Amino acid sequence: LASGKHVVSNDFLKDPRTEPWREAARTAGIGASAAFPFRAGGEFVGTLNLYASEPEYFSAKELDTLDTLAKDISYGLDNLDRIQQLSTESKVIESSPVVLFRWRASEGWPVEFVSQNVRQWGYSAAGLMSGRIKFEQMVHPDDLLRIQQEMENYTRDRASEFTQIYRIVTNSGATRWVQDNTLIERNVDGVINFYQGTLTDITESKIADETIQSYVKKLESAVLGTAAAVSQMVELRDPYTAGHERRVGMLAAAIAAEMGLDENVQKGLQIAGAVHDVGKIVVPAEILTKPGRLSAAELALIQEHAEQGYSVLKDVEFPWPVAEVARQHHERLDGSGYPRGLKGDDILLEARIIAVADVVEAMSSNRPYRPTKGITLALEEIEKGAGRLFDTMAVAACLKLFREKGYTLPE
């Protein structure tokens, strides 16, 4: 093992190297010995040990033959290791949802290599690699144009790898969702030789995601329904403002969209708008519907609705700051608002947007104490207060909606 070549003792009982084992050899009737090293995986891992009863047994011919035998056994051991490794790899691949692919960069994406577990989709590796079946034939026809365009974009942008999600059609006609993680292999001139990577079947997780999204939509619908019910409860006590909260919520969501805020913020504003005046349930109905000018005491009582709305909503676990928006929707940038006289950025952005929508809707609608002032005056009002009373960006977005994009308040 140390020398990597055979070691022979043709007179075991006289060889000085064998003295420690001489008596044992005499008892066993050993006259000569030879040891031949075995290799496996490039390393010496064991020996073939042979013993003869008579001295001078191992001639050059026998040694040559036995050297060859030892090398053959080493080769066999290597092959056994490789076979075992391939068998293990095959079992791992066969049980994996991940299919290995390599496509040539030419029309139809001919398959250079595909792992055998492509049979999970009813195709054979031989059929794909022979060209009888081109990879594009596996792609769902409704997704083919999209992924072709995406690949062209990635190629144009000189991407080295990319990920796509699309559907494939199995040999039996079923549809499966896959995630395609692809590496682009280029030659020294930058020309694409191959696309290679993995296809992972994600159908079950895709279905689970769609189910979750369905539940989320149902939950959002339930929340909207609850908000609408709360809004209608307020309207029963103040019929002159029927639809006010719903319209404020819709306008606020439209303003947020125009400002480039994401859909989640827009949904939150729609909910917050629908319940921002819920605190009015504590205000006597005769004050809410009084046709004349309010006294200072009556006005102060109405102004309490912002704080009362917060008290009603604060323990409801909305995914948006609905309670705080109800509390702040009458605050103004210069601190002249109520109930806490907040200024500038101390007022939530959502509350600043609701404030703009609230003023526009209120001025555009009839009230017990005055007829509608019309949308033109309402827009002029927020325009005059931009940067002083109202958020500049929210005002600009609202003005653009009405003056340039033809937005109208729903009936």
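Visitor: What separates Glu 324 and Arg 327 in helix 11?
Guide: The model is predicted, and in it the side chains of Glu 324 and Arg 327 meet in a salt bridge, with 3.5 Å from N to O. The two residues lie three places apart in helix 11, so the separation between Glu 324 and Arg 327 is about one helical turn.

Visitor: Which residues do salt bridges that share partners join into one network?
Guide: Arg 327 also forms a salt bridge with Glu 307, the closest N and O atoms being 2.9 Å apart. That pair links distant parts of the chain, 20 residues apart, with Arg 327 in helix 11 and Glu 307 in helix 10, residues 305-313. Through shared partners, one network takes in Glu 307, Glu 324, Arg 327 and Arg 340.

Visitor: Does Arg 327 count as buried or exposed?
Guide: The cut-off for buried is under 20% relative accessible area. Arg 327 has 15% relative accessibility, so Arg 327 counts as buried.

Visitor: How many Å, N to O, lie between the side chains of Arg 104 and Glu 112 in their salt bridge?
Guide: Side chains of opposite charge can pair when their charged atoms come close. Arg 104 is partly exposed, with a relative accessible area of 34%, and Glu 112 is partly exposed too, at 35%. Their side chains meet in a salt bridge whose N to O distance is 2.8 Å.

Visitor: How many salt bridges does the count come to?
Guide: A pair is counted when a side-chain nitrogen of Lys or Arg is within 4 Å of a carboxyl oxygen of Asp or Glu. By this rule, the number of salt bridges is 20.

Visitor: Which residues of the largest nonpolar core touch the most other members?
Guide: In soluble globular proteins, nonpolar side chains tend to be buried together. The largest nonpolar core here has 40 residues, and the members that touch the most others are Leu 251, Ile 255 and Ile 382.

Visitor: Which helices each supply at least two residues of this core?
Guide: The core in question is the largest nonpolar one, with 40 residues. At least two of its residues come from each of helix 6 (244-258), helix 7 (263-275), helix 11 (322-328), helix 12 (349-363), helix 13 (374-385) and helix 14 (392-403).

Visitor: How many residues are in the other core that lies apart from it?
Guide: The largest core includes Ile 255. Another core lies apart from that one; among its members are Trp 103, Ala 125, Leu 144 and Tyr 195, and its residue count is 25.

Visitor: How many of the residues of helix 12 are buried?
Guide: Helix 12 reaches 22 Å from its first C-alpha to its last, close to the 21 Å expected at 1.5 Å a residue. This helix is mostly covered, and of its 15 residues the number buried is 13.

Visitor: How far apart are the C-alpha atoms of Cys 398 and Val 356?
Guide: Cys 398 is found in helix 14 and is buried, with a relative accessible area of 0%. Leaving out residues up to four places away in sequence, Cys 398 touches Ile 255, Val 356, Val 360, Leu 379 and Ile 382. Cys 398 and Val 356 are 42 residues apart along the chain, and their C-alpha atoms are separated by 7.9 Å.

Visitor: How far apart in space are Gly 249 and Leu 269, C-alpha to C-alpha?
Guide: Gly 249 lies in helix 6 and is buried, at 0% relative accessible area. Beyond four places in sequence, Gly 249 touches Leu 269, Gln 270, Gly 273 and Ala 274. Gly 249 and Leu 269 are 20 residues apart in sequence, and their C-alpha distance is 5.9 Å.

Visitor: What is the area of the nonpolar surface patch made by Leu 100, Phe 113 and Met 129?
Guide: Met 129 is in helix 3, residues 125-129, and is partly exposed, with a relative accessible area of 35%. Together, Leu 100, Phe 113 and Met 129 make a nonpolar surface patch of about 230 Å².

Technical notes. Residues numbered from 1 in each chain as written. Predicted model: local features only at pLDDT ≥ 70, side-chain atom pairs only at ≥ 80, totals over all residues. Heavy atoms only, no water. Core = buried A, V, L, I, M, F, W, Y, C linked by side-chain atoms within 4.5 Å. Buried < 20%, exposed > 50% of the residue type's maximum accessible area, 1.4 Å probe, protein only. Helix = DSSP H or I, 4+ residues; strand = E, 2+ residues; numbered from the N terminus. Expected span 1.5 Å × (residues − 1). Patch = residues over 30% accessible without salt bridge, like charges linked within 9 Å, V, L, I, M, F, W, Y side chains within 5 Å. Areas by Shrake-Rupley, 256 points an atom, 1.4 Å probe, with all protein chains shown as cover. Contact = heavy atoms within 4.5 Å.
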